[in-house]
Amino acid sequence: MAANQRHARECSHLPRAGWSDWELAMSPVPLGFEPRGPNQGLIRSGIRNALSLQFGIYEWRAKGTFSHQPNHVVYLGSTCRTKPGTLRQRILEYCTSGSHKSVFINDALGKGYELWVRVKIVEGSRKNAEDMENALLARYDYAWNKRINGQIRYILP
């Protein structure tokens, strides 16, 4: 599919097949959560046990807590990139330090958004996870992804 035919992921429906349920991972308000760091929102303690120790891909969704805020899928990642690990390790990295998306995560939390995550386990090697990630990035433009998209979009009001 050509780059100009890609769809903005926040406006697109992705089939549920193979994906986990969405899990609340981070919140701007304390409801049984623990601090991520000074002025960086909170992480849901139970997220550590909700995630797989397998390889795969994951999506992040920013869910507005106020009526005027959208509910958008904003990022796609995998266990095969430059910092490999299991799904649990990768997601917890985002939850604790923000990984390479800390500016976006902290901005979303600061604006009152909750951050939800879902995963899709990929059988076989990390290469299979990379292939699945690349296929989705070729089809959808995720606002917080730079690779293949070329430009990050700030879409959270």
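**Cores, salt bridges and a pocket**

M132 is partly exposed, with 26% relative accessible area (buried means under 20%, exposed over 50%, and partly exposed in between, using a 1.4 Å probe and protein chains only). The model here is predicted, so local features need pLDDT of at least 70 and side-chain atom pairs count only at pLDDT 80 or more, while totals for chains, interfaces and linings use all residues. Residues are numbered from 1 along each chain as its sequence is written, and side-chain values use heavy atoms, with hydrogens and water left out.

M132 sits in helix α4, residues 126-139 (helices are DSSP runs of H or I with at least four residues, strands are runs of E with at least two, and both are numbered from the N terminus). Not counting residues up to four places away in sequence, M132 touches I57, K120 and V122 (contact means heavy atoms within 4.5 Å). S78 is 54 residues from M132 along the chain, yet their C-alpha atoms are separated by 8.7 Å.

Now for the inside. In soluble globular proteins, nonpolar side chains tend to be buried together. In this model, the largest nonpolar core has 22 residues, and those with the most contacts inside it are M26, Y58, W60, Y75, I105, L115 and W144 (a nonpolar core is a set of buried Ala, Val, Leu, Ile, Met, Phe, Trp, Tyr and Cys residues joined through side-chain atoms within 4.5 Å). At least two residues of this core come from each of β2 (23-27), β5, β6, α2 (87-96), α3 (102-110) and β7 (114-121). Another core, of 9 residues, lies apart from it, and W19, L76, L136 and Y142 are among its members. Leaving aside neighbours within four places in sequence, W144 has contacts that include V74, Y75, F104, I105, L115 and L156. As for α2, its buried residues include L87, I91, L92 and Y94. Just after α2 comes G98, with a positive phi of about 90°.

Next, the charged pairs. A search of the whole structure finds 9 salt bridges (a side-chain nitrogen of Lys or Arg within 4 Å of a carboxyl oxygen of Asp or Glu). One of them joins E10 and R153, at 2.6 Å from N to O. E10 lies in the loop between β1 (7-8) and β2, and R153 in the segment after β8 (140-141), so the pair ties together parts 143 residues apart in sequence. E10 is buried at 17% relative accessible area, whereas R153 is partly exposed at 22%.

R147 and E133 also form a salt bridge, with their closest N and O atoms 3.2 Å apart. This pair links R147, in the segment after β8, to E133 in helix α4, 14 residues apart. E133 counts as buried at 2% relative accessibility, while R147 is partly exposed at 28%. R16 and D21 meet too, at 2.5 Å from N to O, and a network of salt bridges links R9, E59 and R118.

Finally, the second largest pocket holds about 160 Å³ of space (on a 1 Å grid over the protein atoms alone, a pocket is an open set of points where a 1.4 Å probe fits, with protein on both sides within 12 Å along at least five of seven lines; lining residues have an atom within 4 Å of a point). Of its 13 lining residues, R9, S12, W22, R61 and V73 are the closest to the centre. β6 gives the most to this lining, with 3 residues.

Notes. Grid points are joined across faces, edges and corners, and a volume is the space filled by probe spheres set on the points.
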